[in-house]
Amino acid sequence: MKAQSDCFACLKRQVCAHPVAIEEYQSFLQSIPKDQNGASIALSPPQIAIGLYEKIARDLGVSDPFAHIKAQSIQKASQILQMLDLEVLSLEEALRLSALGNVIDYGSASQFCIQDFDFMQELSRMDFACFDFDRFQDALEGARSLVMLGDNAGENLFDEVLLRVLSRQYPNLELFYFVRGKPIINDITLLDLQRFEECRGIFEVAQVVDSGVKSPGFVYGDASTEAQQIFSRSDLVLSKGMGNFECLDERKDSRIFYLLKIKCQVVADRLGFALGKMVFRQNHFVL
């Protein structure tokens, strides 16, 4: 999905949240080739975010500007999951729980504060515009491998729950969990999973793969050779969050299932659903 004019406005708002000279970032955004409608000719929003956030990190003098926010998100997510009896979850319940984890996001038009996250309230108002669960179950029956594309820190703990249920119900299914190649916004990295004790359980149920991708969304062409090979041969791909959707939705690949919350109008228009809705949709059916 190419970045639309609204995407550039959103990226500018993200920059304004940091104590940096906004004029330099405006020049960077203006320099990106656009069509007559102000949309990027070639790049998705996550691809544009690479240069933007690399500059933010340099200007702030830190390699991971969102490290403290990621730590807070992981701690809060861990506290939330301690309230649940995870051993009795069905696959459908685990999918919904994983989707709820996608509420955690700082790189979108919606505002979010992990400390204000009310789990029971969010759970009660989850509203799926599309839930291709039957198609997913059918695909799982003949699948030998599944790649899950991770998204935000904290959300990874909800993903781990889903992977555990998949491992339990499909013991012969090979599971891979892809993470970002370097820190960008609040996305989860291999170092985060290794550093936080709360996150290490995922290594028990999936092969964690550093994708090599620097953007907050999986760009196949930017991935490491290992990640490309695993992605290409996998029978199923479970893509979490808007960033991964924005980078993959133009691929006519029915192996991909998107699980996300719609947090901006551009994605809402792209999917044809209302802002704020949850979506679990097979890629082949995205027009």
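## Sheet, helix packing and cores

Seven strands form an open sheet in the order E1-E7-E6-E5-E2-E3-E4, with mixed pairing. The model described here is predicted. Strand E1 (128–131) and strand E4 (207–210) are the edge strands, each of which pairs on one side only. Direction ignored, neighbouring strands in this sheet are turned by 20° against each other on average.

Tyr177 has Val208 in E4 as its bridge partner. Helix H11 (residues 225–233) lies across strand E2 (145–149), E3, E4, strand E5 (236–240) and strand E6 (256–261). The helix H11 runs at about 135° to E3.

| Elements | Angle |
|---|---|
| H4 (residues 67–81) and H8 (residues 155–169) | about 40° |
| H11 (residues 225–233) and E3 | about 135° |

The axes of helices H4 and H8 are 8 Å apart where the two pack, at an angle of about 40°. H4 is therefore oblique to H8. On the H4 side, the contact is made by Ile74, Ala77, Ser78, Ile80 and Leu81; these meet Asn156, Leu157, Phe158 and Val161 in H8. Sorted by class, seven residues of this contact are nonpolar and two are polar, with no charged residues.

In soluble globular proteins, nonpolar side chains tend to be buried together. The largest nonpolar core of this model has 47 residues, and within this core Leu146 and Leu166 touch the most other members. Helix H8 gives the most to this core, with seven residues. Leaving out residues up to four places away in sequence, Leu166 touches Leu91, Phe136, Leu140, Leu146 and Leu175. Another core, of 45 residues, lies apart from the largest one and includes Tyr53, Phe178, Val237 and Leu248.

Ile185 lies in the loop between E3 and helix H9 (190–195). The phi angle of Ile185 is near 50°, a positive value in a residue other than glycine.

Definitions and conventions:
Residues numbered from 1 in each chain as written. Predicted model: local features only at pLDDT ≥ 70, side-chain atom pairs only at ≥ 80, totals over all residues. Heavy atoms only, no water. Axes fitted to C-alpha atoms, helices over the stretch in contact; angles between N-to-C directions. Helix = DSSP H or I, 4+ residues; strand = E, 2+ residues; numbered from the N terminus. Parallel < 35°, antiparallel > 145°, perpendicular 65-115°, else oblique. Contact = heavy atoms within 4.5 Å. Nonpolar A, V, L, I, M, F, W, Y, C, P; charged D, E, K, R; others polar. Pairing = 2+ DSSP bridges. Core = buried A, V, L, I, M, F, W, Y, C linked by side-chain atoms within 4.5 Å. Buried < 20%, exposed > 50% of the residue type's maximum accessible area, 1.4 Å probe, protein only.
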